[in-house]
Amino acid sequence: MFTSALMSAARIRVASSTLSVSRTKAPLIQRSFAGSAAFHIDTEDNKSSTYFDFTEANYEFVDKILSKYPANYKQSGIIPLLDLAQRQHGGWLPLAAMDKVSQICGVAPARVYEVASFYTMFNRQKRGKYFLQLCGTTPCMICGSNDIKNTITDHLGIGDGETTKDGLFTLLEVECLGACANAPMIQMNDDYYECLTPETTIELLEACRKGEPPLMGKWGSLPMNGQVSCEGPLGKTSLHTIPKGCPVEEGRFDGKVDPASVKEQMAY
């Protein structure tokens with residue numbers, strides 16, 4: 001009995017110690033870099049029974065995409081087909097769209113889900129008409145991305161990961177978008193708006209409210225401070241002449257693709 005009493009007392013001390021630790025333990029903070037949960041939650045407009053199919057016009061793109069791969073490697077088209085489905089569905093991917101892509105590629109649905117949940121370019125939750133991805137990595141942060149974020153949240157009345165009530169804007173802070181030379185910047189849908197200030201950020205948001213987002217510049221992005229590309233305050237200081245490139249096989253590429261029209265060339 002004496003031994004049993006000692007063991008019981010030990011259990012009480014362990015339990016008390018565990019309880020004390022659990023009370024003082026700091027809460028676990030999780031960060032989802034994709035802005036979405038890694039699992040699916042049914043909603044009224046996003047469940048396996050929801051209807052989705054490509055339009056006739058987009059089925060032409062489906063055929064064009066699949067024609068690039070051998071018939072026994074149709075799964076290679078999963079990423080471009082998901083992108084096509086997302087664009088057709090207003091900027092996000094419902095479960096039914098992923099199931100349709102799995103049928104077309106002849107793979108198990110899980111093979112498509114794992115791709116859609118891995119790449120942050122795929123949105124498995126609704127986004128606003130203008131999806132604002134704000135870079136918050138070191139170069140942009142040093143150059144004032146926090147000021148840009150505060151400007152957006154104050155002007156639109158939303159926080160990180162939220163969408164305005166009118167469905168126009170969604171804001172999400174993301175990792176590096178590769179435009180460090182023109183920090184701070186945001187990616188709005190497909191387009192880069194760079195060299196932002198609080199003032200030009202508000203101008204951009206108000207232009208979008210009117211349905212008139214500024215057009216991209218010559219090189220496929222738009223520095224909002226008047227720059228042409230990513231030259232410094234002294235302007236262009238190098239590459240004043242066009243360097244002589246490697247010869248290209250005749251007929252392989254005509255060299256006439258304008259960077260500003262690259263999305264059209266890629267069938268977007």
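Start your tour by selecting Ile-79, which sits in helix α3 (residues 78–88); helices here are DSSP runs of H or I with at least four residues, numbered from the N terminus. Bear in mind that this is a predicted model, where local features need pLDDT of at least 70, side-chain atom pairs count only at pLDDT 80 or more, and totals for chains, interfaces and linings use all residues. Residues are numbered from 1 along each chain as its sequence is written, and side-chain values use heavy atoms, leaving out hydrogens and water.

Ile-79 has a relative accessible area of 33%, so it is partly exposed (buried means under 20%, exposed over 50%, partly exposed in between, with a 1.4 Å probe and protein chains only).

Now for the rings. Four aromatic pairs turn up in a search of the whole structure; rings of Phe, Tyr and Trp (its six-membered ring) pair if their centres lie within 6.5 Å, with planes under 30 degrees apart counted as stacked, over 60 as edge-to-face and the rest as tilted.

Select Phe-54 and Tyr-59: their ring centres are 5.8 Å apart and their planes stand at 75°, so this pair is edge-to-face. Phe-54 is buried at 5% relative accessibility, whereas Tyr-59 is partly exposed at 28%.

Next, go to Phe-118 and Tyr-119. This pair is edge-to-face too, because the planes lie at 85°, with ring centres 4.9 Å apart. Phe-118 is exposed, with 61% relative accessible area, and Tyr-119 is partly exposed, with 36%.

Note on methods. Helices (H or I, at least four residues) and strands (E, at least two) are DSSP runs, numbered from the N terminus.
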